[in-house]
Amino acid sequence: MAKPRIMLVVSFILAAALTRLLPHPPNMTSIAAVALFGGAYLEDRRLAFLIPIGALLLSDLLIGFYHPMAVASVYASFALTVCIGFWLRTHRGALTIAAAALASSILFFAVTNFEYWAFENAYPKTLEGLMACYTAALPFFRNTVVGDLLYAGLLFGGFALLERRFPAFRPPAALPA
């Protein structure tokens, strides 16, 4: 990946992760969009995990970590979202990006709320208890979807505009010979 391009990708990831420091409604953050974007644009798969997870870790260090139990599910769903971003490498379009953002929202909702149900004592360990847990989390899910779609649109759309305007940010194969 060309140096200006990778620096721009990393800058987008860090800037988006740091938006978590700004006031925002609960769960309306850039987390999934950062993971999708990193997976889609960082060619080195190790960096595709390390840079977005490092940005999440940095923002967590600044705002505080989750309940100790939730750390595992948040970071696991974040890593799985990077994998969805890998799929976007060859399927990039407005609708596929929106679908990937929505899939990431659903993944985060399902994984984190399942962990809460399984390891906390707030709900009975029955199917009804699990459904009650998911139902109680629905207002947060709406914010997650809105945040994921908004930030994915900003990251992917903003980057596409810069690629179009400035040749140095285009993928090496797209540069003129």
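Predicted model: local features only at pLDDT ≥ 70, side-chain atom pairs only at ≥ 80, totals over all residues.
Is asparagine 27 buried, exposed or partly exposed?

**Stop 1: a loop residue.** Asparagine 27 sits in the loop between helix 1 (3-18) and helix 2 (31-41). Its relative accessible area is 32%, so asparagine 27 is partly exposed. Now look at the backbone: phi of asparagine 27 is near 70 degrees. That is a positive value in a residue other than glycine.

**Stop 2: a residue inside a helix.** Next, select serine 77, which is found in helix 4 (residues 68-88). Serine 77 is buried, because its relative accessible area is 2% and buried means under 20%.

Stop 3: Now select helix 5 (residues 94-119) together with helix 7 (residues 138-165). Two packed helices are described by the angle between their axes and the distance between the axes. Here the axes come within 9 Å and cross at roughly 145 degrees. The crossing of helix 5 with helix 7 is right-handed.

Show the side chains where the two helices meet. On helix 5, the residues making the contact include Ile97, Ala101, Ser105, Phe108 and Phe109. On helix 7, among them are Leu138, Phe141, Val145, Asp148 and Phe156. Colour the contact by residue class: 13 residues are nonpolar, three are polar and one is charged.

Definitions and conventions:
Residues numbered from 1 in each chain as written. Heavy atoms only, no water. Helix = DSSP H or I, 4+ residues; strand = E, 2+ residues; numbered from the N terminus. Buried < 20%, exposed > 50% of the residue type's maximum accessible area, 1.4 Å probe, protein only. Axes fitted to C-alpha atoms, helices over the stretch in contact; angles between N-to-C directions. Left-handed = near helix turned anticlockwise from the far one by under 90°. Contact = heavy atoms within 4.5 Å. Nonpolar A, V, L, I, M, F, W, Y, C, P; charged D, E, K, R; others polar.
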